[in-house]
Amino acid sequence: MARKITYQQAVNEALAQEMARDETVIVMGEDVAGGSGADGEMDAWGGPLGITKGLYSQFGDRVMDTPITESAFIGAAVGAATAGLRPVAELMFVDFMGVCFDQMFNQAAKFRYMFGGKAETPVVVRTMYGAGLRAAAQHSQCLYSIFTHIPGLKVVTPSTPYDAKGLLIQSIRDNDPVIFFEHKTLYTLEGDVPEEAYTIPFGEANVTREGSDVTIVTLGRMVHVAHEAADALSSDGISCEVVDLRTTSPMDTDTIIESVENTGRLVVLDESHPRCSIASDVSALVSQEAFDSLKAPIRMVTAPHVPVPFADNLEDLYIPDAAQLQQAVRTVMGKD
Amino acid sequence: MSESIRTICMPKWGLSMKEGTVAAWLMDEGDEISPGDEVMDVETEKISSAVEASESGILRRQVAAEGETLSVGALLGVLADGDAQDGDIDAFIAEFQANYVPPAEDEEDESAATETVDVGGRNIRYLLRGEGGVPVILVHGFGGDLNNWLFNHEALAAKRAVYALNLPGHGASAKDVGAGDVAELAAVLDGFMAALGIDQAHLVGHSLGGAISLQLALEQPAKAASLTVIGSAGLGSEIDGGFLAGFIAAERRKDLKPHVEKLFSDPGLVTRQLINDLLAFKRIDGVRAALETINAAFAPGGSQAVILRDRIGDIAVPVMAIWGSGDRIVPASHAEGLPDNVRVEVMAGQGHMVQMEAASEVNRLIDELIG
């Protein structure tokens with residue numbers, strides 16, 4: 001039975017239900033229990049934003065606080081996964097992944113391949129991403145395209161509470177390493193979520209709005225920006241179809257191509273930097289596979305190729321918004 | 001306010017409907033309208049259908065414009081007797097609009113409106129509408145849920161209590177289906193009635209729900225005040241086994257859509273939201289196993305295991321079989337050659353979901369049968 005809960009509650013519920021179902025599922029990260037191993041209140045924090053709060057009380061030592069050493073605990077999670085556990089490691093901000101690239105890129109991503117399919121690494125790294133919380137250049141990036149680039153990793157970017165729960169349960173049950181991106185501004189978003197456990201398959205984009213004039217391919221937080229723009233454009237008689245990728249690896253190329261074949265126009269909306277990005281990847285795919293369907297050049301609406309600014313006014317300018325998207329749609333419609 | 005002026009308002013189809021868009025007026029101002037006439041087509045995010053007049057009169061005003069999106073209960077049009085004055089009608093509309101309050105956003109969601117009852121250790125979710133009289137129980141088919149009755153439930157509940165339940169393995173009911181055969185599911189229906197203190201009910205079953213209702217009416221004749229089966233299982237061996245298997249196997253929208261389209265005579269009714277809702281149901285832990293168990297017991301090898309055709313003549317209460325002539329799941333030929341006690345209504349051009357696509361006619365027939 002569906003009821004309204006937040007994105008944050010959906011993530012917590014997915015973890016709790018999978019931990020209850022499968023005792024090999026463990027949670028580890030900085031302050032995910034909070035207070036363990038020290039005097040004071042146990043289960044005090046549940047991570048910096050309280051996402052895992054309550055799990056320590058229910059599952060005890062299966063929720064582990066780690067030292068502030070991403071290189072160590074991401075490596076430990078990868079190792080535990082090869083040894084039969086299903087660890088869900090919380091990397092507080094994806095920006096910190098730099099110190100664990102070897103663990104993820106050279107180890108976790110390669111084991112199945114290098115051991116001839118005999119090794120499995122069912123690890124999930126949950127991580128916060130995106131701009132909008134005044135957290136400056138080292139805590140605000142959208143780095144999903146870097147992981148999408150690496151064969152052997154699965155990359156998940158849920159945009160709603162429903163998708164967050166179903167995709168996280170799928171991630172935990174999946175036998176490959178998964179990077180699960182949670183946008184920090186979406187945690188308070190409410191939506192209908194079934195109480196029961198359920199899974200959403202990887203590689204199935206969600207057409208969240210049907211339209212006939214322009215396809216907007218997007219992901220994560222930007223799905224909501226796309227809807228805001230599409231609502232405004234519909235009053236001008238421009239009909240937008242919105243494709244939420246849900247996962248960038250694997251990516252549902254069929255749904256993108258089918259949609260562009262119907263509309264003949266593509267705008268890609270991506271909060272990440274423009275170079276070597278999901279936006280450029282989707283654009284290349286469509287120019288290669290659906291060029292004959294295009295009635296106008298593809299447009300990309302992205303953040304600029306600069307670090308995320310700390311100044312409020314500059315950060316607001318940095319994040320792609322509905323006005324920029326509307327302008328791009330009008331351009332491909334020849335109505336600018 | 002003149003009593004000769006009557007309203008046509010935005011209907012509420014299903015628990016989640018908040019608003020609808022007027023797709024097209026089917027009647028012009030000045031047309032004479034009788035109850036049951038289709039007045040306009042309305043689209044919602046889940047489904048499209050015609051709005052029917054519940055009263056008679058001349059359509060004096062088309063208040064809602066085509067393309068306009070309005071909340072449930074909003075004024076769509078005004079019916080009046082021929083002698084009503086234009087000024088009175090304008091005043092009536094002005095007063096209605098001044099007093100109209102759209103329903104609050106979260107006034108009623110599924111979890112708030114439905115109730116749960118324990119039936120032999122299984123939680124069964126149901127929705128009750130209306131009150132009094134001998135109740136009606138609506139029993140959906142394989143892969144369906146109580147929303148399959150969204151165009152029937154409210155209409156039938158105008159005169160009596162009407163229950164629609166989610167069978168085990170379906171909707172938000174328990175996922176344990178036991179043996180999953182018609183006999184076990186009929187025992188659940190029996191237990192549902194007992195748990196709610198319903199001694200006797202008018203049983204209305206669609207597809208697999210028809211076979212379940214028929215089984216209960218045969219096993220416990222005192223429980224059925226009447227029996228209506230729609231596009232029903234249990235009356236012949238043929239069934240589209242490819243539909244059952246394909247419905248279970250499909251994990252993605254484009255795999256599921258062709259199977260769901262087979263249910264309707266108008267595939268345009270299969271909206272993206274309808275497919276998404278079905279996928280959301282099928283993704284829940286335990287659903288696939290439940291559907292596989294039911295399918296294996298109910299239609300092993302793609303043909304029906306339980307055929308009650310020879311016994312339907314034994315039923316002493318009124319019995320009716322409704323079918324769409326173009327039913328692609330259970331063939332309408334199963335409505336042929338039934339004993340004389342069965343009233344047979346085959347609707348030309350309709351498909352398996354005839355209770356949705358020809359709702360007003362189905363509602364009228366059921367009302368007529370149960371009196």
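Modeller: Two strands are taken to pair if DSSP finds at least two bridges between them, a strand being a DSSP run of E of at least two residues, numbered from the N terminus. The model is predicted, so local features need pLDDT of at least 70 and side-chain atom pairs count only at pLDDT 80 or more, whereas totals for chains, interfaces and linings use all residues. Residues are numbered from 1 along each chain as its sequence is written, while chains are lettered from A and ligands numbered from 1 in the order in which they are written.

On that basis, chain B holds an open sheet of 4 strands in the order β5-β4-β2-β7, with antiparallel pairing. Its edges are formed by β5 (48-52) and β7 (69-71) of chain B, and because each has a single partner strand, one side of each is left without a neighbour in the sheet. From one strand to the next the twist averages 45°, where axes are lines fitted to C-alpha atoms and angles between N-to-C directions run from 0 to 180 degrees.

Within this sheet, β4(B) and β5(B) run antiparallel and are joined by 5 bridges, and B:Met40 stands opposite B:Val51 in β5(B). B:Val39 lies in strand β4 (residues 38-43) of chain B, and it counts as buried because it has 21 C-beta neighbours inside 10 Å, the cut-off being 20 or more other C-beta atoms within 10 Å, with C-beta atoms placed from the backbone. Beyond four places in sequence, the contacts of B:Val39 (C-beta atoms within 7 Å) include B:Ile8, B:Leu26, B:Val51 and B:Gly77. The C-alpha atom of B:Val39 is also separated by 9.8 Å from that of B:Leu76, 37 residues apart along the chain.

Notes: Buried ≥ 20, exposed ≤ 12 C-beta atoms within 10 Å, placed from the backbone. Contact = placed C-beta atoms within 7 Å.
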